[in-house]
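I opened this one up to see how the chains are built and where they meet. Here are my notes, in the order I looked things up.

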Amino acid sequence: MQHRFGSHHDDPEFQELRREFVREALQRTREMAGILETCAGGPPRDEAGMRFRRIAHELRGAGGSYGFPIVTLYAGDAEDGYLDAADPRSLAAIVGMLEGAVRQAGALVGIPDMPR
Amino acid sequence: MSGKVLLVDDDPSMLRLVAFELDREGIRTVSANTGKEGLRLLEEEEPAVVVLDLLLPDIPGTEVLARMRKARPGTPVVMLTVRSDLEAVVECMRLGAVDYVPKPFDRTRLLASVRNAAERGTLQARVESLARELHRGEGFAALVGDSPALRRAVDLLRRAAASEVTVLVEGESGTGKEVAARAVHAEGDRRTGPFVALNCGAIPEGLVESELFGHERGAFTGAVAARRGRFEEADGGTIFLDEIGELKADLQVRLLRVLQERHVQRVGGTGTHAVDVRVIAATNRDIRGAIAAGAFREDLYYRLAVFPVVIPPLRDREGDLMVLAVAFLRRFAERHRRPVAGFTPEARRALEAHRWPGNVRELENVVERAVIMEDGEAISLGSLPDAVVEALQAGTPEVPALAGGRSLPASRAEIRPLEEEERRCILRALEATGGSVQEAAERLGISRATVYRKLERWGLAPGAGSTDQEE
């Protein structure tokens with residue numbers, strides 16, 4: 001879904017809002033990867049699993065709303081994968097692609113050096 | 001739009017973006033990131049619209065929605081959630097959400113939804129305000145009076161309103177049986193549903209069945225389209241069946257079946273339609289007598305008279321007459337823009353002397369006519385109909401009226417010696433009957449001999465006023 005920005009797509013305040021989202025999204029994607037690393041042999045469950053799902057769900061809703069549909073796509077795959085109890089390696093691969101999409105979004109909104 | 005929008009979402013980035021979009025359109029927002037905080041802000045901020053996410057950290061979004069609808073049913077709620085929650089979205093719409101905006105959201109779609117919801121909320125508030133205005137006085141306040149007889153009836157009606165019981169309202173014509181039925185509806189849980197009234201005695205015999213149960217297209221000559229009956233129209237509300245005693249035997253059977261099965265079958269139809277209807281019936285006939293005579297089904301009577309309430313005739317409502325008369329006077333003076341503010345003492349006495357066979361309806365009509373006729377500030381005898389004035393001149397019910405305390409003079413100055421009143425009554429009676437001692441005596445409830453004796457005592461020539469051939 002493409003976000004229709006209307007008359008304020010060049011609005012500096014709006015662009016700053018998008019940058020803020022991307023910075024936070026990168027942190028949250030890394031948190032998802034961290035959760036997967038702590039789960040040995042199986043998909044994340046209990047509190048960690050809920051946290052994984054919640055981040056994926058929120059990025060799924062917010063990504064496209066900020067004009068980053070690919071973020072929504074991979075975040076949706078991550079949430080659905082979690083709900084389908086997918087293999088953690090598959091989930092890790094999806095989260096990797098999600099992080100890539102977030103970095104791409106950072107480049108689009110002019111964040112020069114996204115932390116590694 | 002005026003009024004704030006309450007945003008409830010646990011994702012700060014989503015809250016920021018929605019607030020930004022609405023702010024750019026001049027719409028103020030207030031944000032909550034938990035369900036609990038959202039419920040608190042709903043009470044504190046009284047927003048015009050709520051935009052609610054489904055996945056909240058503390059309380060499920062569906063539960064937050066249900067609690068919001070209960071706390072502030074007039075505040076529209078728009079759901080904002082991802083497409084994967086579709087089942088939950090359906091549940092939200094069932095719970096009363098006005099719209100659903102999928103995430104990721106489209107800015108134009110979100111703004112349209114919020115504006116539509118705000119407009120809907122404003123309209124809803126307006127409709128409720130008008131409905132309150134329309135229904136003002138439709139509750140028990142419409143049953144004006146404080147007599148013990150009326151209080152007993154109102155107490156029963158209140159109990160009926162608090163339940164779903166089928167009510168049979170009995171009473172003479174004009175006592176206010178429909179007003180009572182409307183009050184039960186207006187004060188009960190079905191008040192937001194329709195109130196459908198049908199006078200079973202006022203509809204041509206051949207049409208009653210179609211009126212009650214509806215008909216399918218082609219069911220009879222002239223049935224060019226299918227039509228819902230009154231039972232279907234009253235679905236979710238109350239049906240008031242006036243003059244139920246006039247219903248013919250075959251329709252009594254059909255009505256009994258509807259009351260038992262809560263389904264109606266249209267005339268000419270084969271299927272049935274479920275109806276959720278409260279039934280209030282009314283009659284001014286002696287239904288028990290009709291049962292004894294075989295004119296009314298006993299089983300239908302017991303279905304209808306689960307909770308019988310008798311509305312007393314006006315003559316049994318001690319002290320209510322002038323209260324009602326003044327209430328009608330105020331209403332009609334306002335409606336007809338007449339500067340009439342009260343009754344002259346004579347007019348008051350005339351109203352109190354009349355027997356009111358047509359009960360409250362007759363009084364209402366008399367007062368409305370008088371308000372229109374009267375040129376002064378108080379309704380005088382000249383504005384009252386002859387039937388009412390004649391009652392005073394004939395003095396017909398003076399004794400019972402006094403016993404009921406209804407025709408006591410308004411002030412000490414009006415108290416006259418009994419003999420003087422008696423003289424005035426007899427002379428007026430003679431005047432009104434054209435000098436017929438026979439008729440005057442009959443109307444006064446005394447013997448001819450008493451009339452002659454009184455005339456003699458007052459120094460009036462015996463038989464002077466009489467034209468009776470036999471005297």
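**Notebook: chain B and its partner**

In chain B, 71% of the contacts with a separation of 6 or more are between residues 24 or more positions apart; two residues are in contact if their C-beta atoms, placed from the backbone, lie within 7 Å. I kept in mind that this is a predicted model, where local features need pLDDT of at least 70, side-chain atom pairs count only at pLDDT 80 or more, and totals for chains, interfaces and linings use all residues. Residues are numbered from 1 along each chain as its sequence is written, with chains lettered from A and ligands numbered from 1 in the order in which they are written.

Next I looked up the secondary structure of chain B and found 20 helices and 16 strands (DSSP runs, H or I of at least four residues for helices and E of at least two for strands, numbered from the N terminus).

Then I turned to the helix pair. Helix 13 (residues 320-335) and helix 15 (residues 359-373) of chain B have axes 9 Å apart and an angle of about 45°. Helix 13 of chain B and helix 15 of chain B are therefore oblique to each other (angles under 35 degrees count as roughly parallel, over 145 as roughly antiparallel, 65 to 115 as roughly perpendicular and the rest as oblique). Among the residues making the contact I noted B:Phe328 and B:Phe332 of helix 13 of chain B, and B:Val367 of helix 15 of chain B.

Last, the interface: 20 residues of chain A are in contact with 15 residues of chain B. Helix 2 of chain A gives the largest share of chain A's side, eight residues.

Notes
Axes are lines fitted to C-alpha atoms, for helices over the stretch in contact, and angles run from 0 to 180 degrees between N-to-C directions.
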